[in-house]
Amino acid sequence: MAIRKNQATLTAAEKRAFVNAVLELKRRGDYDAYVTTHNSFIMSDTDRGERTGHRAPSFLPWHRRFLLQFEQALQGIDATVTLPYWDWTADRTPQAGLWGPDLMGGSGSGDDSRVTTGPFAHDGGNWPLTVAPDSRDFLTRDLGGAVGDLPTRADVDSVLALATYDAAPFNSSSTGFRNNLEGWVGVNLHNRVHVWVGGHMSTGMSPDDPVFWLHHCFIDRLWAGWQKRHPDQGYLPVKATRNVVALHGTMKPWNDVTPADLLDHTKFYTYDTDY
Ligand code: CU1
Ligand code: CU1
């Protein structure tokens, strides 16, 4: 069984294997479809219309399926690779090892916030952006530039304490665990981290920055942590509900998977430790 690990515990060889698999996927021309897919859902997910990837109960199962597909693509290149997660409650400064030259590279520099260090720096030649919000083809970041602080462990614990998975109207104004975790209300967990990284991470094309996968892997682990804390609670809505994916509804773009199919992550992988 594949084990997803905290990026802070990866060996040098494990970091290299992950980075090389990502670069190889990009070299083969298979990476950018993930950026396109993610952005198309960001653009079409709306509070009053159909919503699947974001602002919706299926935010968590949608990204779980999206990460699984990406992880399987990496494993087709190197079977030893699993997605690492970034615990941003612990590794919360631009000096953290995550941003070192052997993993994600550092913050952007200069007026254009261009990433110039690490494997995804444009000048290395391996990371030209082909799906981008503007004509610039280099990755950008501005770590901590737009919001001061990443969420704390206390912030996370307060959200994991919420017993109800989601609530009507099942959009970005809902109470409940999912919307507090996604970050449209309350202490703001997931959205705040995108904005903290800045640059491409704060756009719909956020998978242009490979830290997207490490961030979402941690979000996925927090969902599992919520399930463990609330064994008598589950995905909502259960019954068919206009514009959102119910427990047994099929999820675009795959159409062969429902939230119910994705509730138990241990069918696919485990985490090194539970949150
Ligand atoms: Cu997303
Ligand atoms: Cu996200």
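I take helices (H or I, at least four residues) as DSSP runs, numbered from the N terminus. I am working on a predicted model, where local features need pLDDT of at least 70, side-chain atom pairs count only at pLDDT 80 or more, and totals for chains, interfaces and linings use all residues. Residues are numbered from 1 along each chain as its sequence is written, and ligands from 1 in the order in which they are written.

Entry on the metal site. I looked up donors, meaning N, O and S atoms within 2.8 Å of the metal (3.2 Å for Na, K and Ca); water is not among the atoms, so sites may look incomplete. For the copper ion (ligand 1) I found NE2 of His38, His54 and His63, at 2.0 to 2.1 Å. I noted that His38 sits in helix α2 (residues 32-44) and His54 in the loop between α2 and α3 (59-77), 16 residues apart. The donor spacing reads H-x15-H-x8-H. I found the copper ion (ligand 2) 3.8 Å from ligand 1.

Entry on the largest pocket. I use pocket for an open set of points on a 1 Å grid over the protein atoms alone, with protein on both sides within 12 Å along at least five of seven lines; lining residues have an atom within 4 Å of a point. Its volume, the space filled by probe spheres set on the points, is about 260 Å³. Of 16 lining residues, Ile42, Trp184, His190, Asn191 and His194 are closest to the centre. Helix α6 (190-197) gives the largest share of this lining, 4 residues.

Entry on the second largest pocket. I read about 180 Å³ here. Helix α1 (residues 12-27) contributes most to this lining, with 3 residues.

Methods:
Side-chain values use heavy atoms; hydrogens and water are left out. Helices (H or I, at least four residues) and strands (E, at least two) are DSSP runs, numbered from the N terminus. On a 1 Å grid over the protein atoms alone, a cavity is a set of points where a 1.4 Å probe fits but cannot get out, and a pocket is an open set with protein on both sides within 12 Å along at least five of seven lines; lining residues have an atom within 4 Å of a point.
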